[in-house]
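Subject: Structure handover and notes

Hello,

The structure we talked about is placed below, with my notes after it. Please read the notes with the structure open beside them.

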Amino acid sequence: MTEFFAHCVEPSARIQPWTAIVIHELKHQGADPYSNGTSQLIASAHDFFNDGDGQPTVGAGRLMGRNDLENLLREILNRTARKAELLPASVVSVSYTHIAWTTPAAVRPMLFKPVGLSPQTLRVPWPRLLMVANSHGQLSVAALASRRPVAAGSKLYHAPLMNVDQQGRVCTGNAPLPGYCDGGSLPAWEAVMFESAFTHVNHPHSLKTGQPKRVVETKDAFGFWSDLARQPVERFPNRALNPLKLSVTDFISRHA
C-alpha cells in the first residue's frame, strides 16, 4: 500500500487501480461570437490493464455522459464500507482527519533524556490529559484538572510536559507514529506520549514550579518532576498547571 492511502486504509488492505477519470476542458473557438472563448468540461473513463512487467497501465478512454458519472458515483458509495466502529468512552471528538480523547490521571513512568544528563526514568503522577491526533501525524496535548466528562466549557491547561510547545503540539522527534487516527490507534498514540523520552522544554510556561521566576527552563522542569518522584503522592498537584487560554472546541479544532 502506498503512503498516499495510509491515513484512510488499514495496512493489510491491497490497493489496485480500477478506473481513471480524466476531466477535459473543451474551449470553443468557432466563428460563433456567442460561444467563442467559452469552455465546458467533459469526462472520459480509462480502465487499467497490466503491461508486460505486471505494472498497471492506463488504457484507452471512453467518453462519459451525465448518467455514466452518476452511476460511477453511486457504485463508489455502494462499495463504501459501512462497518460500524464503537469508540472508547474516553473519545471526546472524532472526524475523518482527527481523534481527540482523554487519558486519566495516573502514576506512570516518565522518561527523560535531557541534554548533558544521563537518561532517567521517574515514576510520577501524570495529570489527566486531552490528546488530539490528526491524519498528518501530529499529536497535541493539553491538561485537565477535573475528572468530569469533557465539555465545551471544560477548562484546559498547558500540558506540564517537556517537548510540548505553547500551542500544545508535541515534538515527537524520531518516535514511530501510527498511520491512523481512529479508535484502534489510541494505544499507539499513547505510547508516543508515555514511552518517549522528554529532552527539552519547548515553551517557558509549561508549568508552575513554585519558584519566584515564571519562565521555566529544562533544568526547572526536570527538577520539578524529580522532586515529585521523591514524594509519596499519587496525584499530580494541579496547582502547578498553567491555564491554556483556549476552549476545548478551539483546541481540538486547531489540531484536528
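The side chain of S95 reaches the backbone nitrogen of T97 at 3.1 Å. A polar contact here is a pair of N or O atoms within 3.5 Å; within protein, one must be able to donate a hydrogen and the other to accept it, and residues adjacent in sequence count only if both atoms are side-chain atoms.

Before the rest, the basis of the numbers. This is a predicted model, in which local features need pLDDT of at least 70 and side-chain atom pairs count only at pLDDT 80 or more, while totals for chains, interfaces and linings use all residues. Residues are numbered from 1 along each chain as its sequence is written, and side-chain values use heavy atoms, with hydrogens and water left out.

S95 and its surroundings

S95 sits in the loop between strand 4 (91-94) and strand 5; helices (H or I, at least four residues) and strands (E, at least two) are DSSP runs, numbered from the N terminus. Its side chain also makes a polar contact of 2.6 Å with the side chain of H98. S95 counts as partly exposed because its relative accessibility is 34%, where buried means under 20% relative accessible area, exposed over 50%, and partly exposed in between (1.4 Å probe, protein chains only). From S95 to H136 the sequence separation is 41 residues, and the C-alpha to C-alpha distance is 13 Å.

T103 belongs to strand 5 (residues 98-103). T103 has a relative accessible area of 2%, so T103 is buried. Leaving aside residues up to four places away in sequence, T103 touches R108, R128, L129, M131, E190 and F194; contact means heavy atoms within 4.5 Å.

S140 is part of strand 9 (residues 139-144). Is S140 buried or exposed? S140 counts as buried, because its relative accessibility is 0%. The side chains of S140 and H255 are joined by a polar contact of 3.0 Å. With residues up to four places away in sequence left out, the contacts of S140 include L130, M131, V132, G168 and H255.

The hairpin of strands 2 and 3

Strand 2 (residues 39-50) pairs with strand 3 (residues 56-64) in the antiparallel sense, over 7 bridges; two strands pair if DSSP finds at least two bridges between them. The two strands form a hairpin with 5 residues between them, and G54 in the turn has a positive phi of about 80°.

T57 lies in strand 3 and is the bridge partner of F49. T57 has a relative accessible area of 27%, so T57 is partly exposed. A polar atom of the T57 side chain lies 3.3 Å from the backbone oxygen of Q55. Not counting residues up to four places away in sequence, T57 touches D47, F48, F49 and D51. The C-alpha atoms of T57 and D47 are separated by 8.5 Å, at 10 residues apart along the chain.

The loop between strand 10 and helix 2

Two residues are worth noting here. N163 is found in this loop, between strand 10 and helix 2, and has a positive phi of about 65° although it is not a glycine. N163 counts as buried because its relative accessibility is 5%.

T172 is placed in the loop between strand 10 (156-158) and helix 2 (186-194). At 19% relative accessibility, T172 counts as buried. T172 touches L177 and V192, not counting residues up to four places away in sequence. T172 and L139 are 33 residues apart along the chain, with their C-alpha atoms separated by 7.8 Å.

Cavities

How many cavities of 30 Å³ or more does the structure hold? The structure holds 2 of them. On a 1 Å grid over the protein atoms alone, a cavity is a set of points where a 1.4 Å probe fits but cannot get out, and lining residues have an atom within 4 Å of a point. A volume is the space filled by probe spheres set on the points.

The largest cavity has about 90 Å³ of space. Its lining includes W126, P127, R128, R147, R235 and F236.

The second largest cavity has about 30 Å³ of space. Among the residues lining the second largest cavity are V141, H158, D165, G168, H203 and L244.

Regards

Terms used. On a 1 Å grid over the protein atoms alone, a cavity is a set of points where a 1.4 Å probe fits but cannot get out, and a pocket is an open set with protein on both sides within 12 Å along at least five of seven lines; lining residues have an atom within 4 Å of a point.
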